[in-house]
Amino acid sequence: MPANVGISLAVGDDGLLKNAPIYLRGADVIRRRDRDPVGGVSTVQSTPAATEHAGEFDCAVVIPAAGCMCKQVEVVIPQLRDADCLVVVWNGPRATTHDCSETVLRDGTTVWMEFPARLGAATARNSGVQWLNGRARLIAFVDSDDIAYDNWLSELRKRLSSGESDVVGGVLEFVSGGRARRVAPDLDFWYRQAIYGSNCAVTREAWDLLSGFCPNVGTCEDTDLAWRAGEAGLRIDIIPTAVVRYSLRIGWAEWQQRVMWGRSSVALLRAHDLPLSRHLPKLKGLVLHKRSTGFASNALVAGLGQFFGQWVGKLRDGHPAPM
Ligand SMILES: [Zn+2]
């Protein structure tokens, strides 16, 4: 492994990094022991190409990860151009089978940030962008457990690079009922255009205007970002040719995910002052929607889970915990 440069960072209540980066030269990365109530502290390692990069990055890809992201990283790194970089934000316990940081730091312009506690996707992505310190003209996001098409990044960046769009969202491809389907983000909850956080990109100016993802709307941070972008008058475009293969969860994992989506949708609607009675889907609508789009391994489990989550969200105040 190359001699890396470590940085120690902490996350604040707002999901953003609190302190300025402290650069630690040498092969050893110092792990701070003091803990923050939200996210704890992180260590950062980067390849020499990332450390020594002068000036701006053209495009930075940020991947939040709480599980192995090696396959995703292996398809994303070849898509990076000379002035691009990859930032992986690991949050939570390390994988026991292998060291995923070795895949990230093998070569190229890459950064490995590691937080000991789960941050949730919003805070993890914000932390990755904060490391960039405003140096990336474009910022793209993809998730750890999906697989991007080979042309994903080039398709996603086109309209941002040309200045035609401020925020772009790609589509998800998944296999359901034995056939491959693609789903594009649509108007969510009969309100505004959404994007998928696992397949989207923004300009630096749009990111600064929006102050990143909001960590207080559970797993609806992507819809929230798109809605706020729309409310701010930013140009959002869906790119059907920017495709990520999405891994549908199955059984109990699907139920848990949909419960969280349901809870998060209540937090999202409340954050935007939208009446739940008008914008929250009914059980029948949820199940039928999952069935018609195929965006579930089991439409009934998914629909019931999301409906149960909505019910929990309506009963309980506060924000859904990171997952
Ligand atoms: Zn791995």
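Visitor: What does the secondary structure of the protein come to, and how are the elements defined?

Guide: The secondary structure comes to 11 helices and 14 strands. Helices (H or I, at least four residues) and strands (E, at least two) are DSSP runs, numbered from the N terminus. This is a predicted model, in which local features need pLDDT of at least 70 and side-chain atom pairs count only at pLDDT 80 or more, while totals for chains, interfaces and linings use all residues. Residues are numbered from 1 along each chain as its sequence is written.

Visitor: What makes a residue buried or exposed, and how much of the protein is buried?

Guide: A residue is buried if 20 or more other C-beta atoms lie within 10 Å of its own, exposed if 12 or fewer, and partly exposed in between, with C-beta atoms placed from the backbone. Of the 323 residues, 48% count as buried.

Visitor: Why is L172 called buried?

Guide: L172 has 22 C-beta neighbours inside 10 Å, and therefore counts as buried. L172 is found in strand β9 (residues 167–176). Leaving aside neighbours within four places in sequence, L172 is in contact (C-beta atoms, placed from the backbone, within 7 Å) with R182, V183, Y196, N199, V244 and Y246. L172 and Y246 are 74 residues apart in sequence, and their C-alpha atoms are 5.8 Å apart in space. For the protein, among contacts between residues at least 6 apart in sequence, 77% join residues at least 24 apart.

Visitor: Why are α10 and α11 called oblique to each other?

Guide: Helix α10 (residues 283–293) and helix α11 (residues 299–315) pack at an angle of about 140°, with their axes 8 Å apart. Axes are lines fitted to C-alpha atoms, for helices over the stretch in contact, and angles run from 0 to 180 degrees between N-to-C directions. Angles under 35 degrees count as roughly parallel, over 145 as roughly antiparallel, 65 to 115 as roughly perpendicular and the rest as oblique. The pair α10 and α11 is therefore oblique.

Visitor: Which residues of α10 and α11 meet?

Guide: L283, L286, V287, K290 and R291 in α10 meet A299, L300, A302, G303, Q306 and F307 in α11. By class, this contact has 7 nonpolar, 2 polar and 2 charged residues. Ala, Val, Leu, Ile, Met, Phe, Trp, Tyr, Cys and Pro count as nonpolar, Asp, Glu, Lys and Arg as charged, and the others, Gly among them, as polar.

Visitor: How do you know that the buried residues of α10 are on the same side?

Guide: In α10, L286, V287 and K290 are buried. They cover an arc (of the directions from the helix axis to the C-beta atoms) of only 95°, which puts them on the same side of α10. What covers these buried residues includes α11. The face turned away from the buried side carries the exposed residues K284, G285 and S292.

Visitor: What makes α8 oblique to α11?

Guide: The axes of helix α8 (residues 252–271) and α11 come within 6 Å and cross at roughly 40°. That angle makes α8 oblique to α11. By class, the contact of α8 with α11 has 11 nonpolar, 7 polar and 4 charged residues.

Methods
Contact = placed C-beta atoms within 7 Å.
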